[in-house]
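Welcome! Here is a short tour of one protein chain, written for someone meeting it for the first time. Please have a look at the sequence and the structure before reading on.

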Amino acid sequence: MKSIAALLILVMVWFVGLLAFTSRVDQSTPPAEPPVSDGVVVLTGASNLRLEAATKLLEAGKGKRLLISGVNREASREDVLGVTKAVRPIYECCIDLGYSAADTIGNASETAEWAKAKDYHSLIVVTADYHMPRSMLELRATMPDVTLHPYPVVTESLNAHRWWKGGTSARRMTVEYCKYLAILGREAFLKLGPKEKAEPPTGEATKEAS
């Protein structure tokens, strides 16, 4: 009986967490006006709306450059130009295409390398509303010293407000929530690991050696 009660409690906690997650997604759009940052990064996906939104932020002067992370390797710069609907002079001077990312972990790694190369310390992150919570976890894990400002974009094929009424919306929200929990678990586990010892000051090291 105790094991059944424990299982029921776990299911209840999971379900309450799912409701909190979906409510967070629903209330995340429309996004607040982001502050001016060093750069803008957009994570590619099924919808082109996020690419258009990121381009508008760049054109509005919200960042110096825009990284499009996770571009299809078969797409040319001209192909991407048509999708972003960017003004050509800005597109040619200030938009970088990242082809190495194949998933959210790859997006985070690609973005971290780009930010480090550009010496950027603040970024506006653009992706789908339901994808934003997990994306922020991954990006913060790879760039703990970079300030990130989320800019979620509405997913047209997802009813975030009444997600339980449609099979596709319910499935997408549930799967995304489980992925989000997996990243939370991973980060919690990593924090339990051994802490790196700080190296002693040069003077103390020399003193001990002598």
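## Thr-55, a buried residue

With 2% relative accessibility, Thr-55 counts as buried; that word stands for under 20% relative accessible area, while exposed means over 50% and partly exposed lies in between (1.4 Å probe, protein chains only). Thr-55 is part of helix H2. Helices (H or I, at least four residues) and strands (E, at least two) are DSSP runs, numbered from the N terminus.

This is a predicted model, in which local features need pLDDT of at least 70, side-chain atom pairs count only at pLDDT 80 or more, and totals for chains, interfaces and linings use all residues. Residues are numbered from 1 along each chain as its sequence is written, and side-chain values use heavy atoms, with hydrogens and water left out.

What does Thr-55 touch? Beyond its neighbours within four places in sequence, Thr-55 is in contact (heavy atoms within 4.5 Å) with Leu-66, Thr-84 and Ala-86. A polar atom of the Thr-55 side chain also lies 2.8 Å from the backbone oxygen of Leu-51.

## The nonpolar cores

In soluble globular proteins, nonpolar side chains tend to be buried together. A nonpolar core here is a set of buried Ala, Val, Leu, Ile, Met, Phe, Trp, Tyr and Cys residues joined through side-chain atoms within 4.5 Å. The largest one has 22 residues, and Leu-66, Ile-68, Ile-95 and Val-126 touch the most other members. Among the elements that each supply at least two residues of this core are strand S1 (39-43), helix H2 (49-59), strand S2 (65-69) and strand S4 (122-128). The largest share, 5 residues, comes from H2. Apart from this core lies another, of 16 residues, including Val-41, Ala-108, Ala-115 and Tyr-120.

Leaving aside its neighbours within four places in sequence, its contacts include Val-40, Val-42, Ala-53, Leu-57, Met-132 and Tyr-151.

## Helix H6 and its cover

Which residues of helix H6 (residues 132-142) are buried? They are Met-132, Pro-133, Arg-134, Ser-135, Met-136, Glu-138 and Leu-139. Their cover includes helix H1 (2-27), helix H5 (104-118) and helix H7 (167-191), along with S1, S4 and S5.

## Two pockets

On a 1 Å grid over the protein atoms alone, a pocket is an open set of points where a 1.4 Å probe fits, with protein on both sides within 12 Å along at least five of seven lines; lining residues have an atom within 4 Å of a point. Grid points are joined across faces, edges and corners, and a volume is the space filled by probe spheres set on the points. The largest pocket has a volume of about 230 Å³, and its lining includes Thr-44, Arg-50, Asp-103, Tyr-130, His-131 and Arg-134.

The second largest pocket holds about 160 Å³. Of its 13 lining residues, Thr-44, Leu-51, Val-71, Val-80 and Val-83 lie nearest its centre. H3 gives the largest share of that lining, 3 residues.

## Backbone details in the loops

The peptide bond from Thr-29 to Pro-30 is cis, with omega near -5°, and Pro-30 sits in the loop between H1 and S1.

Lys-85 is not a glycine, yet has a positive phi of about 60°. This residue is in the loop between H3 and H4 and is exposed, with a relative accessible area of 59%. Asp-119, also not a glycine, has a positive phi of about 60°. Asp-119 belongs to the loop between H5 and S4, and at 53% relative accessibility Asp-119 counts as exposed.

Technical notes. Polar contact = N/O pair within 3.5 Å; in protein donor to acceptor, adjacent residues only side chain to side chain.
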